[in-house]
Amino acid sequence: MARVSAHKPIHFTIVTSLLASMAYLAVVDEYIPESFDASEVVFYHPPGSNAYDKWVQIDDASIYPDADQLTLVPLVFNSNFHHEIPEIANAFDEAANERVLVVTTPETEATLAALNKITYDGVTWKARSNNLLGRYYGYAKHAAFKLYSLIQMAESFDIALIVVAYFAMLYTIIKVFIDIKQGGSNFWLAFSTIVSSAFAFIFALATTTKLLDIKVSLISMSEGIPFLTAIIGFKHKISVAKAVMKARSTHTDVRTIVSSAIANHSLSLLRDYVIAISALAAATIYSGDMTGLRNFCVLATIILAYDLLLVYTFFAGVLALKVEVNRARRTHELKSALEEEGVSSLVAETIANSASEDDYPEDAHFNSTVVSFKIALLGIFVAAHAFWLGSSWLYGTPTIDIVSETQTLSLVAAEHVAVGSNGTIVHLLAPKRYVPFGAIVLIEDFVVAIFLTISDAIKDNMLSKFLLFVFAISISINVYFLNATRDQRTATNKLIQKEISRPKHKEADQKIKVTESFESETEDAESSSTEGTINFNAHIKNLTVDECVAKMKDGQVKELNNNEIASLVVAGKLPLYALEKKLESNTRAVVVRRKAIAKLANAPILDTDKLPYAHYDYDRVFGACCENVIGYLPLPVGVAGPLIIDGTPYHIPMATTEGCLVASAMRGCKAINAGGGVLTILTQDGMTRGPCVSFPTLARAGACKIWLDSEEGQKTVKKAFNSTSRFARLQHIKTAMAGTLLFIRFKTTTGDAMGMNMISKGVEHSLKYMTEECGWDDMSVIAVSGNYCTDKKPAAINWIEGRGKSVVAEARIPADVVKLVLKSDVDALVELNISKNLIGSAMAGSVGGFNAHAANLVTAVFLACGQDPAQNVESSNCITLMNKIDGGDLQISVSMPSIEVGTIGGGTILEPQGAMLDLLGVRGPHPTSPGDNSRRLACIVASAVLAAELSLCSALAAGHLVQSHMQHNRKGAAPAVAPAAPAEKEVQRLTEGSVNCIKS
């Protein structure tokens, strides 16, 4: 049932909502009257002297046809305005703000019409209808009055218990929003959870009232519903919602996600509901003469039954819609981010439609203690009311209704009524309320007029049918768009692929393509991007260059064979970069370019498969990663790990041609895991771009620097910069002067993208804004990048200020692990680190190079995960520290202030590199917290460096210890043989640890 609901979510949510609306309309009149004021109450006094105790209420005035007929109309004036109450003819004072009009019954209508507006002492009072907006004020007022009356009649313990129940219900509802927000939904999913239970309540109320002819009083519900809400709660719905939200970004279809999440919770869900329903059913059976308790238990039982049904229908549909909308939004955001990074629209959409994460929810274990506690609370609730508290609603329908008030003839009013010789009948009408005429009254009249007009229009026979027809069309359109959204990740991608590679002319799709026998190796490659063609081998004569040029001018270049197109390139008639555009096939363009370069560079090696090119998705490359493509280079990829990083194990991919690098990192991972893993801290996150601008004079350059350093300048430029992107946010601006040159270092967050294109666009706009809007029209932009960033070059500013992600990673290695796994010694490691990584690097004048070989690991991970390998220059800035801590263990840390990584854009859009990001669980943008994936990748890079630093330094330290032991053993032969054995064993251990094939 949940699977069907998730497949047709709009159908189930709309139908459920319509049924709930019908159920509400069926019961609303039973519980909420049109007005709290009685329309008319009739009293009769027999002939004789006026005595208050002789006034009696009657139902039919016609039984006293000869009696005098009088009408009393209370005129209530709003006392909030502090105006003087008008004096009304034939009226007496009932209260400070009330006049009671006495008029003969036949003249009532005319008199009230004349009193629709009353002008007194310069103030115009206007009568208000009880059916206008003030009606809801009346609801609240009378409900509060009756609540106060009930409190006066109740015992203190009853009041305390009900107050606790209401606070428990409020806490339960608030916790729904808090828990589901933690699962990734801010408001609507939590709201739908509450609405689902509200629908169950409405359905149950309609069932008991209309089908079972059982009316549960409002007092019973006001006392019982808080207990029911607090006891049953929303635990299962929250758990299901979290499971669905956790799996929303997987490749699994929505139906499977929702149905699996509900199926995983069905056992505990059904168990809890069956137990609760059974308990309520038992209370219903054994309630005896306690009508109120029995009726409420029936209602509560049906509420739970409907609530359970709605979990599998309405709630499943809501969850499916949430996942569909989330996926569509995430796809759009990824596409936008890729486009901001300079990726072409077609490629960006292709990548966005195929990107996802691989997570799947785990079923929460059933907690029998919680269920037992809830059932115990339910039993205490029933028992306490039945045998101790003695609430009035247990033994029948209460005499006091929370939403009704009986009108009576007051003593003051009776004194102003003359009793006729044949008796007197008084018609006491509902109070007529007045407020001073003003803007509020006009607005209320206008709003009510609109609603009344709409209401009257809806009641029209023709218009109502038309609205129903429009509503049906709207639902159909929404269903259509939902289905389109579901298919966009596959269908749209296929259409894009066809659009990229299809020929312009339809007849070209059916053409038989003839190739030379020596081109047979291109068939497999071209078949992936050219559909509807038949390839066979034949020996034909190539056209001359002039003939090929003529064909090209006629727009028929695609009809030429590959050799002929290559001859055009060699002759300079067709540029290398234009092949993709002219041929409309990225793969064929690679084949032709290889042939042309083979001739131009006299490199026949390109006619072989030594440099592979087939079976590669060049559509992702074109317009995004590379130009003039002639193939791709396979690079070995190894895996080190698992390495426990912040409590989570990771298998870290490394692309390298340096032997022993992965093996060495693997040994470091083993040692670190034995000590509990790596702890990482991200200290800052901000990519930089440092443009260079110049001014005519030094004074102007200095003034601009002062302005940019000021709060006003920072705020102005930040506003301009942030307007250019949905993701990039300017953090801070740092400036420096060199003569009349001013260098401005913009530091920004860029979400999960590395962000250079994104930030460059923002910098250009900010500089333009400064020139045009901020009074710096004499400023000249020398370069958007003035090497003050600094990008892909050694620079102290990156080492000091940081760039990209700044990460510190630390691990603690037990002393015995250092000996057994690393074959080294803690003291030797500490000494080596100081001498080599600190003093040695300082002697060399190194900037950020206080490490053994951080660049090795940074580059290997960058190549495997689609990062820019040139940014290894600043990303490898690292200082490695080692200390011997209490207990003799080793503490090692790496501090890397400028790791520049991203999980969208650049090389990450290529499928192999994207697969490695998937391996780490950080591919694409983070679904709920933008930037988290790229920050996690930076921490993984730093942790990999830590493992490799530990392993290499251990190997170097072990080699030093081998020499020391060898020298020690050569000094003075020991007379006894036995003591020499441990020394030889120690030398063997250190010798094994010193084996090192890493070129550092």
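Biologist: Which residue stands opposite Leu742 in E17?

Modeller: Val693 stands opposite Leu742 in E17. Here a strand is a DSSP run of at least two residues, labelled E and numbered from the N terminus. Before we go on: this is a predicted model, where local features need pLDDT of at least 70, side-chain atom pairs count only at pLDDT 80 or more, and totals for chains, interfaces and linings use all residues. Residues are numbered from 1 along each chain as its sequence is written, and side-chain values use heavy atoms, with hydrogens and water left out.

Biologist: How many bridges join strand E15 to E17?

Modeller: Two strands pair if DSSP finds at least two bridges between them. Strand E15 (residues 692-694) has three bridges to E17, and the two run antiparallel. Strand E16 (residues 729-738) is joined to E17 by nine bridges, again antiparallel, with Ala736 opposite Phe743. In the hairpin of E16 and E17, two residues lie between the strands, and Gly739 has a positive phi near 65°.

Biologist: Is strand E17 mostly covered or mostly uncovered?

Modeller: Buried means under 20% relative accessible area, exposed over 50%, and partly exposed in between (1.4 Å probe, protein chains only). Strand E17 (residues 741-749) is mostly covered, with seven of its nine residues buried.

Biologist: Why does Glu810 count as buried?

Modeller: Glu810 counts as buried because its relative accessibility is 18%. Glu810 belongs to strand E19 (residues 804-813).

Biologist: With which side chain does the side chain of Glu810 make a polar contact?

Modeller: A polar contact is a pair of N or O atoms within 3.5 Å; within protein, one must be able to donate a hydrogen and the other to accept it, and residues adjacent in sequence count only if both atoms are side-chain atoms. The side chain of Glu810 makes one with the side chain of Arg812, at 3.0 Å.

Methods:
Helices (H or I, at least four residues) and strands (E, at least two) are DSSP runs, numbered from the N terminus.
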